[in-house]
Amino acid sequence: MSGTNRIKGKGRLTPARTVRFTFDGKALTAIEGDTLASALIANGIHLTGRSYKYHRPRGMLSAGPEEPNALIDISRDAARRTPNVRATVQEVFDGMRAKSQNRWPSLAFDVGGINNFASPLFAAGFYYKTFMWPKAAWKRVYEPIIRAAAGLGVSPSEPDPDHYANHYVHCDVLVIGGGAAGLTAALAAAHAGAQVILCDEQPETGGAFHHDTDASIDGVPGWEWAQSVTAELRAMSNVKVLSRTTAFGYQAQNHVALVERVTEHLSNPDAALPRERLWQVRAKQVVIATGAIERHMVFANNDRPGIMLASAARTFLNHFGVAVGAKVGVYTACDSAWAAAFDLKQAGVSVPAIVDVRMDPDPALVARARELGIEVLAGQSVLDTSGKLRVKSMKVGRASGGSRRDIAIDALIMSAGWTPSVHMYSQSRGKVVWDEPSQRFLPGRHVQDCASVGACTGVDDLADAIAGAAKAGHAAARAAGAKAGKAWSAPKSATAASWAGSMMGSAGGAGAETSVKAFVDFQNDVTAKDIRLAVREGMHSIEHVKRFTTNGMATDQGKTSNIHGLAIAAEMLGKPLPQVGLTTFRAPYTPVTFGAIVNHSRGSLFDPTRCTPMHGWEDAHGAVFEDVGQWKRAWYYPRPGEDMHQAVNRECRTVRDVAGMFDASTLGKIEVVGPDAAEFLNLMYTNSWDKLEPGRCKYGIMLREDGFIYDDGVVGRIAEDRFHVTTTTGGAPRVMHHMEDYLQTEFPHLRVWLTSTTEQWAVIAIQGPKAREIIAPLVEGIDLSNEAMPHMSVREGRICGVPTRLFRMSFTGETGYEVNVPADYGEAVWKALWARAEPMGACAYGTETMHVLRAEKGYIIVGQDTDGTVTPDDAGLNWAVAKKKPDFVGIRGMKRPDLLAPGRKQLVGLLTRDPNIVLEEGAQVVADPNQSLPMTMIGHVTSSYWSENCGRSIAMGVVAGGRSLKGTTLYVPMPERTIEIEVTDAVFIDKEGVRLNG
Amino acid sequence: MAKSAQAVRTEPLAGRVSGSAGVQVTPAAAAVRVSLRADPENAKALSKALGLELPLKPKTTAGSLPGRLVAWLGPDEWLIIDETGDPLSDLRKAKVLHSAVDVSHRNTAILVSGKGARATLESGCPQNLGDAVFPVGAASRTVMGKIEVVIIRTADTEYRVECWRSFSTYAFDFLSESAKDCLA
Amino acid sequence: MLLIHCPYCQEERPELEFRNTGEAHIERPKDIAAISDAEFEKFFFIRANPKGVTYERWRHIHGCARFFNAVRDTVSDRFVTTYKAGQPRVEVERGEDGMLQIREPQS
């Protein structure tokens with residue numbers, strides 16, 4: 001038996017299909033298709049958790065996505081655990097483990113319940129007041145305690161083993177909601193030839209027909225009609241029906257985000273299936289058919305387990321075959337609760353009384369109640385309830401006074417009317433409009449290409465809703481450009497009970513004169529009293545009231561509470577409700593997992609990892625890699641027993657003594673082609689390029705318009721109209737963008753084109769005294785002699801039988817070459833060079849050694865020795881700035897007064913008095929180490945290394961007026977000591993540069 | 001000068017295969033690729049040199065593979081892919097102003113084919129790839145996941161995804177994962 | 001994600017293919033080396049950042065790679081129009097419905 005509260009013959013589930021699950025360790029049985037909520041109620045369980053602030057016992061309020069109370073921890077196994085799952089939307093699967101939250105030590109006895117009695121401490125705004133003094137206590141006492149007590153569920157601690165998928169889809173018409181209106185709109189649009197997507201958050205379409213069994217369409221009961229229409233839609237090739245799929249975000253230009261729960265209801269999901277799919281829909285037209293949500297009644301102690309929305313009780317009965325109690329009281333301001341009462345009574349449940357705040361409920365309903373033997377108490381209120389862990393009785397009487405009586409019940413169903421679901425409309429940036437006659441906020445003018453249909457527009461009559469939806473669906477298809485399609489006519493007749501009556505704000509007995517706990521927002525424990533307090537304390541805007549009380553700020557976003565809260569605030573302010581205004585609805589409509597949002601971008605797909613063509617060889621030869629942007633670069637190559645320091649020292653020595661091979665493939669490369677190529681480079685770089693002959697290359701500096709260094713690199717002239725430009729590794733994309741920007745928008749008259757060739761070429765740097773000897777036998781068609789190919793030249797020829805652009809250049813100060821070969825040949829050419837280099841005693845070296853070697857020569861690294869506020873003069877690179885050019889980017893910026901003023905920080909060498917001390921990069925430099933704090937800092941260290949070749953530490957840094965301070969002693973104060981340094985020239989090895997031309 | 005053996009070519013995705021019930025994901029054969037830049041006014045002479053009409057309409061291609069395919073990438077930019085000939089030397093015959101840059105090794109390509117091919121791409125590509133706006137023969141530079149790609153629709157259920165060499169591992173892994181859900 | 005009409009590709013394409021590149025119609029002075037500090041300040045540092053109509057540059061960086069101009073309402077995020085780089089500023093006005101529209105030239 002799947003629960004004692006199942007009613008034979010009721011509901012749409014198949015009783016034979018049972019599934020097993022546990023709740024707080026207790027083994028229970030459910031029927032396939034049950035939600036956790038229906039399964040618990042079937043087993044007589046209403047108590048599912050403790051409330052957020054007061055730890056009050058709570059149970060299911062609803063049967064749908066609006067659920068504020070029944071948040072449960074659901075797990076399949078140790079790694080698959082999700083907190084804060086709404087029991088009313090989670091389908092039970094075999095083996096599911098459910099656990100209540102926010103209680104200790106147990107659900108029935110919860111220590112935190114003390115908060116309920118200390119509630120004066122926790123009134124609205126308590127954060128801002130209670131914990132103000134003493135100030136010091138905030139950090140040590142209040143905050144840790146509040147943080148420990150706050151929050152409902154506990155985050156999972158294991159990595160998520162599931163995967164998630166993303167799909168961008170484009171359609172003519174997206175229909176949000178699979179109730180009567182949505183189905184009709186989808187059918188109309190589909191028959192008009194449109195590509196249609198219909199999404200519905202429930203496992204089955206049908207919307208209100210889940211509970212409303214009185215409706216029929218074309219003579220067919222509503223539920224059956226919905227299922228047959230859905231089958232018809234599924235069979236159409238131009239329609240995609242997505243169930244268990246929530247539209248949670250309506251973005252600009254009809255970009256709507258849907259999340260589909262693919263495996264959450266399955267006992268043994270196929271591992272290949274994603275847990276969830278994010279559908280990013282771009283629809284030409286959207287039809288919003290999101291229905292309406294029933295509101296609860298706001299009265300004293302309206303939050304006990306067993307007290308729920310009337311439509312929820314009706315859903316549990318008519319869809320799941322579950323009675324919510326044996327003696328069900330009814331408290332209402334709307335006819336819909338009467339329909340629920342009748343259904344329950346007819347199913348054999350005792351309904352002792354219907355309490356309706358209205359003096360004159362519909363006589364037909366009253367007559368029907370009498371006929372069924374239900375007592376009707378019109379013009380009366382439920383003034384209070386009793387029952388610790390489940391409602392036991394309701395106190396009924398007139399709010400104005402007089403006799404009261406307690407009626408024993410074990411469930412209480414209620415309705416204060418229906419709130420149209422304008423969330424999606426509102427997210428689409430439409431403004432809601434107050435409809436005075438029906439006392440509702442309704443969609444106004446739609447500002448995107450969308451329309452609202454059905455109950456979310458305040459249409460109460462089913463026939464009207466269907467007619468409107470059919471029209472809107474057809475119009476959407478036409479507006480989307482659908483032309484084909486066949487004749488189709490909308491359902492001709494539809495009948496359903498129309499429910500009158502609604503109330504907003506607190507009911508009788510919970511008014512301003514009282515101090516009862518009448519809950520407005522269950523999830524955040526906000527009562528009517530809290531909202532009144534907020535107004536009394538000066539919150540006159542609903543936005544302020546919301547934030548002061550946190551009303552509507554929980555994960556249910558106030559689906560049941562917003563209107564009540566607004567009405568209470570309006571009453572207190574003595575203003576008409578529309579003047580107080582509604583807070584903005586924001587995405588997501590219901591909580592969405594991070595998994596769905598991140599989808600494919602996890603693990604290796606989180607960010608691309610870029611490897612050079614020689615990566616495999618480097619890895620096999622023990623390279624340790626460092627991340628440089630997305631690139632993996634060989635950092636150093638430790639031999640067995642070597643630490644990083646020893647490896648780098650050996651590599652540094654070997655390059656200067658013999659030679660080294662370095663993978664420089666990540667350097668950015670841009671091919672600049674066209675008759676105006678040199679003129680374009682004249683504008684892009686500070687240098688002049690007119691006189692650079694084909695076959696020669698030059699170091700260039702690029703500025704931004706503000707005169708600061710942006711990038712640098714060697715540029716080779718391949719032909720009169722063709723340059724091979726190199727950029728820094730990190731600068732490659734932005735330099736290309738920067739150059740394209742000027743070329744397209746400021747200098748479009750120039751006949752030149754730019755092509756990124758970063759990845760066309762693998763680049764192998766061979767540096768050191770034996771560099772030429774290593775490459776020579778492998779090179780064809782190029783004279784490598786000093787005379788034929790001096791330092792800073794470039795030749796085209798072949799190496800290892802494949803084409804090469806061979807640069808003679810150096811970033812180490814040694815004789816050097818950079819061998820460029822088409823990338824797919826990089827590994828083979830590297831191996832061939834290594835086969836020659838290794839026996840000579842050369843080494844492979846990584847980026848760390850490259851950094852040390854260049855620092856020994858005082859070569860800067862843009863982005864390390866410069867920081868976006870360094871001019872060419874600051875960096876000592878004035879020699880690279882052409883003096884006679886009429887224009888280049890940065891020419892005016894670098895002449896700004898501040899950039900010419902004396903005292904600017906200039907790049908210099910910094911040598912510690914103690915040669916064994918290696919300065920920390922970023923350390924600050926001061927002139928007087930004994931000055932009082934805060935010290936005047938006159939510069940900082942930009943590059944610092946142990947230099948094995950110099951036999952001491954070396955460093956570069958920027959110091960105010962640095963070049964005039966050479967020989968001066970300055971200080972680097974560190975926490976443990978102050979380090980004495982001397983300002984020097986920034987070249988530490990081979991100041992004459994003879995090694996370059998060896 | 002000592003003669004050495006010709007260096008062997010190592011393609012970035014060599015040996016990889018992937019896919020699912022609905023789609024095959026395979027590395028494309030090596031090809032010669034040229035980034036061609038020119039004023040469209042000179043298209044006639046360039047077309048003559050290449051032996052096919054340079055496409056001048058956005059998102060279109062001319063020719064097909066194996067052989068020569070030219071994709072419009074921008075108003076003055078085309079991507080030439082050739083599995084048999086030598087487009088660079090053909091272009092040298094055109095005596096009009098243009099820029100031809102060899103990008104054969106910069107790019108690599110992945111072939112995505114099968115009834116789930118489009119859905120596989122749509123896992124990462126926000127552009128509309130529907131028949132009405134992206135028919136057979138369409139090509140576009142766009143994004144897929146976190147990288148830039150050029151997508152060319154070569155047949156009803158066949159696409160060629162061109163990406164830069166160092167992004168090809170990401171691209172292949174992305175398509176392999178997307179393939180799992182291509183029949184959703 | 002916005003859809004942006006690229007005047008070169010002649011269709012709307014997803015925002016992910018584009019990059020915003022700042023205010024439009026700020027021309028680099030032809031004689032930039034000779035301008036005063038005040039003129040340089042105005043050219044390089046001062047931007048309008050309006051609420052409402054904004055003229056901005058975009059680049060279809062992951063598409064045709066072209067830079068172009070756009071007129072957008074910063075309040076609604078709605079594009080009024082886009083046009084090729086180098087073309088004159090398109091004048092717009094607010095219609096009776098509060099939406100921006102291209103101002104038709106006076107005949």
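Hi everyone, thanks for coming. Since this is a predicted model, let me begin with the confidence scores. The predictor gives the complex an ipTM of 0.97 and a pTM of 0.95. For chain C, the average pLDDT is 94, and 98% of the residues score at least 70.

Now to chain A as a whole. It contains 24 helices and 51 strands. Chain A is more spread out than a compact globule, because its radius of gyration is 38 Å, well over the 30 Å that the globule rule gives for 998 residues. If you draw a box around the C-alpha atoms along the principal axes, that box is roughly 115 × 75 × 55 Å. Even so, 56% of the 998 residues of chain A count as buried. And if you take the contacts in chain A with a separation of 6 or more, 67% of them are between residues 24 or more positions apart.

Let's turn to the interfaces, beginning with chains A and B. How many residues does each chain bring to this contact? Chain A gives 41 residues and chain B gives 43. On the chain A side, the elements that supply two or more residues are β8 (164-176), β35 (668-673), β39 (753-756) and α22 (826-840). Of these, β8(A) has the largest share, with six residues.

Next, chains A and C. Here 20 residues of chain A are in contact with 18 residues of chain C. Helix α20 of chain A, residues 732-746, makes the largest share of the chain A side, again with six residues. The makeup of that side is five nonpolar, seven polar and eight charged residues.

While we are on α20(A), a few words about the helix itself. Its 15 residues reach 21 Å from the first C-alpha to the last, close to the 21 Å expected at 1.5 Å a residue. Which residues of α20(A) are buried? They are Ala732(A), Val735(A), Met736(A), Met739(A), Leu743(A) and Thr745(A).

Let me go back to β8(A), and follow that strand to its partner. β8(A) pairs with β15(A) in the parallel sense over 12 bridges. One of the residue pairs to look for is Ala165(A) with its bridge partner Arg277(A) in β15(A).

Seven bridges connect it with strand β14 of chain A, residues 255-261, in the antiparallel sense. There you can find Val256(A) opposite Val281(A) of β15(A). With β28 of chain A, residues 450-452, the strand runs parallel, joined by three bridges. In that pairing Val287(A) stands opposite Ala451(A) of β28(A).

Two other sheets in chain A are worth a look on the screen. One is an open, antiparallel sheet of six strands, in the order β47-β48-β49-β46-β51-β50. Which strands sit at the edges? They are β47 (924-925) and β50 (969-973), each pairing on one side only. At the β50(A) end, five antiparallel bridges link that strand to β51 of chain A, residues 978-984. Tyr971(A) is the residue opposite Glu980(A) in β51(A).

The other sheet has three strands, in the order β11-β10-β29, and is also open and antiparallel. Its edge strands are β11 (220-221) and β29 (494-495). Between β10(A), residues 216-217, and β29(A) there are two bridges, and Ile217(A) faces Ala494(A) across that pairing.

I'll finish with one residue of chain B, His98(B). You will find it in the loop between α2 (87-92) and β7 (99-102) of chain B. Why does His98(B) count as buried? Because it has 21 C-beta neighbours inside 10 Å, and the cut-off for buried is 20 or more. Beyond its neighbours within four places in sequence, His98(B) is in contact with Leu36(B), Arg37(B), Ala38(B), Asn42(B), Leu46(B) and Leu91(B). Take Leu36(B) from that list: it is 62 residues from His98(B) in sequence, yet the two C-alpha atoms are 7.2 Å apart in space.

That's my tour, and I'm happy to go back to any part of it.

Terms used:
Residues are numbered from 1 along each chain as its sequence is written. Chains are lettered from A and ligands numbered from 1 in the order in which they are written. This is a predicted model: local features need pLDDT of at least 70, side-chain atom pairs count only at pLDDT 80 or more; totals for chains, interfaces and linings use all residues. Two residues are in contact if their C-beta atoms, placed from the backbone, lie within 7 Å. Helices (H or I, at least four residues) and strands (E, at least two) are DSSP runs, numbered from the N terminus. Ala, Val, Leu, Ile, Met, Phe, Trp, Tyr, Cys and Pro count as nonpolar, Asp, Glu, Lys and Arg as charged, and the others, Gly among them, as polar. A residue is buried if 20 or more other C-beta atoms lie within 10 Å of its own, exposed if 12 or fewer, and partly exposed in between; C-beta atoms are placed from the backbone. Two strands pair if DSSP finds at least two bridges between them. The expected span of a helix is 1.5 Å times one less than its number of residues. The radius of gyration is taken over C-alpha atoms; the globule rule is 2.2 Å times the number of residues to the power 0.38. pLDDT is the predictor's confidence in each residue, from 0 to 100.
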